[in-house]
Amino acid sequence: MKRKLIPVMVLLIMASYGQKNDREVNQTITQKTEIMQKGEKQKIEELLNQYKRALNTSDAALAQSLYTKNGIFMPTEAPSAIGSENILKSYEFIFSQIQLNIEFYIDEIVVENDFAFAVTSSKGTTLIHATGDTIPEANRELFVFEREAGEWKIARYMFNKTAPKL
């Protein structure tokens, strides 16, 4: 009887040790993934800050540089700008018409491998060059990002106007 009981006990001990190791390995993988995603989200936040700077300084070249080569900019009430050259022309036109002074608020960033998306909102003012009027500006935005040559870039960007909160 003892001879049968000892191998069974050894197997039970080994099995419980293996389960403990599996749990530890899974926890370690989860922790490393969370740390990596936090770092990627910070890189995307930095990209969004550069984009805000491009808008607030009317820097079309900077805005263009933040997009992927085949990026798409989809402004409200205007045609989509597809590809780097068209994105530059679109921002040059927009900045010839208005001067933005906005702040971005990040609601959500989700990262999945080489793609990510962010939902943001923005609020501030717009100076209309033709009239000299300054009006309230408020939007909600959807960004899709792609990692290109190791860097996060804007692959798709769309926004629409919301009623500004006064």
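Q: What share of the contacts in the protein chain with a separation of 6 or more comes from residues 24 or more positions apart?
A: This is a predicted model, in which local features need pLDDT of at least 70, side-chain atom pairs count only at pLDDT 80 or more, and totals for chains, interfaces and linings use all residues. Residues are numbered from 1 along each chain as its sequence is written, and side-chain values use heavy atoms, with hydrogens and water left out. A contact means heavy atoms within 4.5 Å. Among contacts with a separation of 6 or more in the protein chain, the share from residues 24 or more positions apart is 52%.

Q: In what order do the elements of the protein chain run from the N terminus?
A: Helices (H or I, at least four residues) and strands (E, at least two) are DSSP runs, numbered from the N terminus. The protein chain holds three helices and six strands. From the N terminus on, their order is α-α-β-β-α-β-β-β-β.

Q: What percentage of the residues in the protein chain is buried?
A: Accessible areas come from the Shrake-Rupley method with a 1.4 Å probe, and for residues only the protein chains shown count as cover. The accessible surface of the protein chain is about 11,100 Å², with 58% belonging to carbon and sulfur atoms. Buried means under 20% relative accessible area, exposed over 50%, and partly exposed in between (1.4 Å probe, protein chains only). Of the 166 residues in the protein chain, the buried part is 28%.

Q: Which residue meets lysine 52 in a salt bridge?
A: Lysine 52 lies in helix 1 and is buried, at a relative accessible area of 16%. Not counting residues up to four places away in sequence, lysine 52 touches Ile102, Glu103 and Phe104. A salt bridge is a side-chain nitrogen of Lys or Arg within 4 Å of a carboxyl oxygen of Asp or Glu. The side chain that meets lysine 52 in this way, at 3.0 Å from N to O, is that of glutamate 103.

Q: How many residues apart are arginine 147 and glutamate 40?
A: The side chains of arginine 147 and glutamate 40 meet in a salt bridge of 2.7 Å, N to O. Arginine 147 is partly exposed at 24% relative accessibility, whereas glutamate 40 is buried at 15%. The pair links distant parts of the chain, with arginine 147 in strand 5, glutamate 40 in helix 1, and a separation of 107 residues.

Q: Why are lysine 89 and glutamate 85 separated by about one helical turn?
A: Lysine 89 and glutamate 85 meet through their side chains in a salt bridge (3.4 Å, N to O). Lysine 89 is partly exposed at 46% relative accessibility, and glutamate 85 is exposed at 56%. The two are separated by about one helical turn because they are four residues apart in helix 3.

Q: Which element gives the largest share of the lining of the largest pocket?
A: On a 1 Å grid over the protein atoms alone, a pocket is an open set of points where a 1.4 Å probe fits, with protein on both sides within 12 Å along at least five of seven lines; lining residues have an atom within 4 Å of a point. The largest pocket is lined by 27 residues, and Thr76, Ile94, Ile98, Phe159 and Lys161 lie nearest its centre. The largest share of this lining, six residues, comes from helix 3.
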